[in-house]
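This report describes a strand arrangement and a few ring contacts. The model is shown below.

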Amino acid sequence: MRRAILELLREAAGKYLSGEDIAARLKVSRTAVWKHIKELKNSGYEIESLSRSGYRLVNTPDKLLPELVQCGLENDIIGRHIEYFDEVGSTNVEAKRLASSGAADGTLVIGECQNTGQGRLNRSFFCPRGGIWFSVILRPPFLPQEAPKCTLMAAVAVADAMRSLKLDAGIKWPNDVLCQGKKLVGILTEMSAEVDQINYVVIGIGINAVIPAESFPADIRDRAASMSMLLGDFNRLDFFRQVLRNLEKLYKTVKAQGFAPLLTRWRELSVTLGKEVNVLGINEQFSGKAVDIADDGALLIDIGNEIKKVYAGDVSIRPKN
């Protein structure tokens, strides 16, 4: 109902809409309209009320509220259900809890900030206000061994959304999106599965969206940046919607055609392929040239006398220089 009222106020383009008119269009009472308007104001929406004229939307809060995210999104799967937190420990933790309780395919968990955000290999992740921190629950029909490629799917969705804003974004295998050599995005994919069936996949995506340079901890300032540092002003909400549209399109393609089209696009966006890299694993370390990505999502490294496969859960990749 709140979303429907917002859409009517937005369509009015700054003009007043009477409570009676809103109630008639939505087939509810004027009292119900008044209550929802009050809730919207409490959430940070600036809505003017004028007797005999009605209500006028003046401003919306700079938040990724469900009704704002869903307005104009038009996705069939991703974003139909949204759990929102002004502050949360970890969106992945909440998403796994919801998934275990039966949350629908495509459910989103959004946090304006995370207190205990984590990246791959249990590394901490910087998640202040102004970023885009969310997890998506998927219930795909493919086998568990395909699940790691969901990370690649998410990376392509975000990188292409950034490129639509003229950011020259590229993907560093397996889970980072970079621009001008600086990390803008981290992705963490987790799964619950049986031997031959996925119960759910949770993809956690963290995007450094509108974060000033001075907010970054000193130890990561040389290798991380935000979109606003590179772009200047941009609409965080519009960009988030585009990421979700891209992700839905790729998810549908993967379910219908498999991962081959996705891997083709990932190769086009890769900043890892063709580069000399150091592979830092628990049991071994070696250097070589990243030459391709395998059908199972593993990175193929040419070490001179053989091609070695490395998997995201086992290693870190660093440029050789």
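A residue counts as buried under 20% relative accessible area, as exposed over 50% and as partly exposed in between, with a 1.4 Å probe and protein chains only. The model is predicted, so local features need pLDDT of at least 70 and side-chain atom pairs count only at pLDDT 80 or more, whereas totals for chains, interfaces and linings use all residues. Residues are numbered from 1 along each chain as its sequence is written, and side-chain values use heavy atoms, with hydrogens and water left out.

**Sheet**

Helices (H or I, at least four residues) and strands (E, at least two) are DSSP runs numbered from the N terminus; two strands pair if DSSP finds at least two bridges between them. Seven strands form an open sheet in the order 3-4-5-9-8-7-6, and their pairing is mixed. Strand 3 (82–85) and strand 6 (170–172) are at the edges with a single partner strand each, so one side of each has no neighbour in the sheet.

| Strands | Bridges |
|---|---|
| Strand 4 and strand 5 | four |
| Strand 5 and strand 9 | seven |
| Strand 8 and strand 9 | nine |

Valine 109 has serine 135 in strand 5 as its bridge partner. Isoleucine 132 stands opposite isoleucine 207 in strand 9, and leucine 188 stands opposite glycine 204 in strand 9.

In a regular strand, side chains alternate between the two faces of the sheet. Strand 5 is covered on both faces: Ile132, Phe134, Val136 and Leu138 are buried on one side, and Trp133, Ser135 and Ile137 on the other.

**Aromatic pairs**

Rings of Phe, Tyr and Trp (its six-membered ring) pair if their centres lie within 6.5 Å; planes under 30 degrees apart are stacked, over 60 edge-to-face and the rest tilted. The structure holds four such pairs. One of them, tilted, joins phenylalanine 126 and phenylalanine 216 at 5.3 Å centre to centre, with 50 degrees between the planes. Phenylalanine 126 lies in the loop between strand 4 (108–111) and strand 5 (132–138), and phenylalanine 216 in the loop between strand 9 (198–207) and helix 7 (227–231), so the pair ties together parts 90 residues apart in sequence. Phenylalanine 126 is partly exposed at 23% relative accessibility, whereas phenylalanine 216 is buried at 2%.

Phenylalanine 142 and phenylalanine 259 form an edge-to-face pair, 5.2 Å centre to centre and with 70 degrees between the planes. Phenylalanine 142 is buried at 14%, and phenylalanine 259 is buried at 6%.
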